[in-house]
Structures are given as C-alpha cells and as structure tokens.
Amino acid sequence: MKQYSLTKIVLTGIIAGVIGGGALLYGQRGVENLQTSTQKVNTKASETSTIPKNATATTAYDKISDAVVSVLNFSQTGQRRYEESSEGSGVIYKKAGDSAYIVTNNHVISGASKIQVMMHDGKKVEASLVGKDIMTDLAVLKMDAKNVTATASFGDSNKIQVGQKVLAIGSPLGSQYASSVTQGIISAKKRLVEASSENGQSYGGSTVIQTDAAINPGNSGGPLINFAGQVIGINSMKLSSSSSGTSVEGMGFAIPSDQVVNIVNELVKNGKITRPAIGISLVELSEITVDDQKALLKIPETVTGGVVVMGTTDNGPAAKAGLKKYDVITAIEGKTVAGQADLREELYKHKLGDTISVTYYHQATKHTVNIKLTQKLGS
C-alpha cells in the first residue's frame with residue numbers, strides 16, 4: 001500500500017472528509033453506473049440458512065427469481081406523455097398490508113417522473129418512491145401487493161466467505177434480458193471503494209462486497225445471492241478501468257445486505273436517512289510512513305491499525321470529548337477500527353443522539369471516552 005509523509009499530508013491538505021461521510025456508489029474514475037409501512041425487515045445470523053450440500057445455481061435461482069424485477073425510469077416529455085429514459089433492476093423484499101416493497105439503487109430511479117416495475121412474468125405495474133439515500137445509492141419503491149407472488153429474504157452479509165459461490169440476478173442491458181443470472185464468487189468481503197459525486201465532491205468511501213460474477217449495465221439494484229437463495233448484497237457498480245486506464249474484468253461490487261436492511265427500514269419509516277457524525281477529518285494509519293508514526297504520532301509499535309485524526313470540527317462531538325490532531329482511533333464500542341471503512345460501519349450502526357465509546361491513542365497513552373452523537377452529517 002502506498003504510504004505518505006504525514007507532514008506532506010498536513011501541508012497539502014490531503015485529508016479525508018468529516019466522518020459522518022458516506023459514499024455515492026458512482027462517479028469514481030473507472031466505476032460505472034450499472035444502468036443504461038414501518039414493519040422492519042430483520043437480518044440475523046440465525047436466519048442465514050445453511051447452504052445445502054446439494055444446492056445448485058438452479059435451486060438458488062428458483063427460490064428468488066419471482067421476486068426479482070426490472071425497474072423502468074420514465075421522464076416526462078409533455079402533458080401526460082412519458083418516455084423511458086433508463087432501466088435497472090430491483091428485488092421485492094416485503095409485503096405489508098396492501099403494499100409490497102422493492103429495494104433498488106438510487107441512480108436507477110434518479111430524476112424519474114414515473115416509475116414502472118416489470119414483474120418476472122412480464123407484467124408491468126406502477127410503483128411509487130418511498131425514499132432514497134444518495135450516499136449508499138439505495139432506494140425503496142412501493143407497489144400494489146396483489147401483483148406479488150414471492151418476496152426475497154436477506155442473508156447475513158457478515159457470514160459470507162471469500163471464495164463462496166454467489167449469483168447476480170437482474171436485467172443486464174434492459175428488460176429484454178430480464179432475470180438473467182450470472183455466477184461467480186466472493187472476491188472480498190469488505191472493500192472500501194472511493195467515490196465522488198457528479199460535481200466532484202469527495203464522499204470518502206463505502207464498504208462493499210467484491211465479486212467476479214458478471215455485472216453489466218442494467219444489473220443495478222438487482223440482488224447478489226448465496227446458494228441458499230438469500231440476498232447478501234444489492235449490485236451497484238463495476239470497475240471497468242483502473243486509474244491508469246488499464247481495462248479491468250471481473251470486478252463488481254454490491255452493497256452488503258446488513259447495510260441494506262438498516263437503510264431500507266429507515267427509509268420506509270422516515271423516507272430519508274439521518275446520519276450522525278463525530279466531527280473529524282482523517283487519514284488511515286496504514287497510509288502513514290513508519291517514520292511519521294514514530295516521530296509525530298508517537299504511538300506504540302503494537303498499534304498497527306486505526307484512523308489518524310487530522311482535525312476536528314469546532315465544538316463538535318470529538319472536540320468536546322477531548323480528541324486532538326494526531327490522535328489515533330482504534331475502536332468504537334469495543335469493535336476494532338482498522339481503517340476508515342470500519343469507522344464508518346461502526347458509526348452508522350448508531351443514531352443521532354446516541355452515546356458511543358471511542359478508544360484512541362494520544363501518543364503512547366490509550367484512552368476510552370464517551371462521545372454523544374449530536375452532530376448530523378452535513379450540518
């Protein structure tokens with residue numbers, strides 16, 4: 001991993017955004033968009049089915065195929081006139097009363113004047129937007145439950161293993177190829193993908209599952225499933241080229257199901273996501289040279305992972321708790337923070353107003369403080 005001089009980072013201002021930051025799952029060089037009730041959904045380890053020894057791609061696909069849909073985005077071209085502008089995928093995950101709920105990607109329905117869903121049998125029905133979250137690139141749609149014959153179940157994305165076989169299902173290149181399925185493996189359980197908004201604003205990164213299952217334009221919003229037929233991720237993007245322009249194959253990314261469940265529950269309840277922030281700018285400890293770790297951070301050699309505080313928001317939660325520049329955060333609520341992805345993941349398990357314990361090193365001394373999450377992302 002490339003390392004930087006901490007002094008140079010300070011002088012040039014190359015620091016991550018205020019944590020609390022999420023990531024748009026598009027906009028990065030080489031990362032392509034993959035599209036030309038309050039009842040909660042739970043994800044528990046006990047709900048993750050043991051994959052039968054005789055499980056096949058066919059048995060897994062059959063368990064969920066009727067719940068996978070195409071999502072059609074229409075723009076208004078005149079009075080009562082609409083034109084299809086893009087297509088993506090989605091998966092029906094819940095029925096509640098007269099309504100059924102679909103999770104898809106935000107960029108699939110972005111700017112839509114009208115949304116239709118094409119069911120597995122080809123029938124097209126109207127859908128409405130319940131809520132969307134730009135930073136995780138997720139959205140929830142609602143439709144009449146009378147058209148729904150099956151719903152998908154979520155598996156526990158914390159239980160997946162590298163090398164495990166998975167399937168990606170969706171509508172690559174549009175609904176004419178609806179319910180297409182591709183097979184691959186989990187290439188990495190947690191990959192921090194850097195991204196930015198369309199106007200170039202950096203949002204740090206987001207933790208995603210990496211897979212080599214073929215993902216193509218139109219697969220956005222479709223499920224990544226295990227061989228028990230459970231959703232372990234929502235397909236969102238693929239890497240088509242590196243920063244040097246080198247062509248890349250077999251690198252697709254999906255939003256982990258545990259993250260998806262939390263987001264969709266809040267979107268159904270509130271229609272939007274409110275995120276807490278601790279009010280720091282940071283770099284990862286792994287990006288800092290060993291010399292700077294000794295000379296400037298002065299942390300014990302046993303500390304090999306964490307995030308380095310490069311600045312604090314005036315009167316923000318971290319500043320009030322006493323954190324200062326060059327402190328190294330290593331845990332939240334006792335959970336190890338090896339880098340930015342871990343910090344964001346643990347932070348977003350909590351809500352505005354919660355109090356969390358943060359473990360950090362100030363030079364050689366280890367501290368644990370309670371921080372009340374009073375700062376909202378973007379405030």
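Mentor: pLDDT is the predictor's confidence in each residue, on a scale from 0 to 100, and we need that scale from the start, since what stands above is a predicted model.

Trainee: What makes residues 196–203 a stretch to be read with caution?

Mentor: Over residues 196–203 pLDDT stays under 50, although the model has 18 contacts there beyond four places in sequence.

Trainee: Why is strand β16 called largely enclosed by the rest of the structure?

Mentor: A residue counts as buried when its relative accessible area is under 20%; 5 of the 6 residues of β16 (residues 307–312) are buried, so the strand is largely enclosed by the rest of the structure.

Trainee: What makes β15 and β17 pairing partners of β16?

Mentor: Two strands pair if there are at least two bridges between them. Strand β15 (residues 280–284) is joined to β16 by 5 bridges, running antiparallel, and strand β17 (residues 328–332) pairs with β16 over 2 bridges, also in the antiparallel sense, so both meet the cut-off. Val308 of β16 is the bridge partner of Val283, and Val308 has Val328 as its bridge partner in β17.

Trainee: Which strands make the barrel, and what packs on the sheet?

Mentor: Six strands close into the barrel in the order β2-β3-β4-β7-β6-β5, with antiparallel pairing, and the twist averages 40 degrees from one strand to the next. Helix α4 (residues 257–270) packs on the sheet, touching β3, β4, β6 and β7, and its direction makes about 55 degrees with that of β7.

Trainee: How many residues has the largest nonpolar core, and which have the most contacts inside it?

Mentor: The largest core has 46 residues, and those with the most contacts inside it are Ile64, Ile92, Val117 and Met143. Its largest share, 6 residues, comes from α4. Apart from this core lies another, of 18 residues, including Ala318 and Ile356.

Definitions and conventions
Residues numbered from 1 in each chain as written. Predicted model: local features only at pLDDT ≥ 70, side-chain atom pairs only at ≥ 80, totals over all residues. Heavy atoms only, no water. Buried < 20%, exposed > 50% of the residue type's maximum accessible area, 1.4 Å probe, protein only. Helix = DSSP H or I, 4+ residues; strand = E, 2+ residues; numbered from the N terminus. Contact = heavy atoms within 4.5 Å. Axes fitted to C-alpha atoms, helices over the stretch in contact; angles between N-to-C directions. Core = buried A, V, L, I, M, F, W, Y, C linked by side-chain atoms within 4.5 Å.
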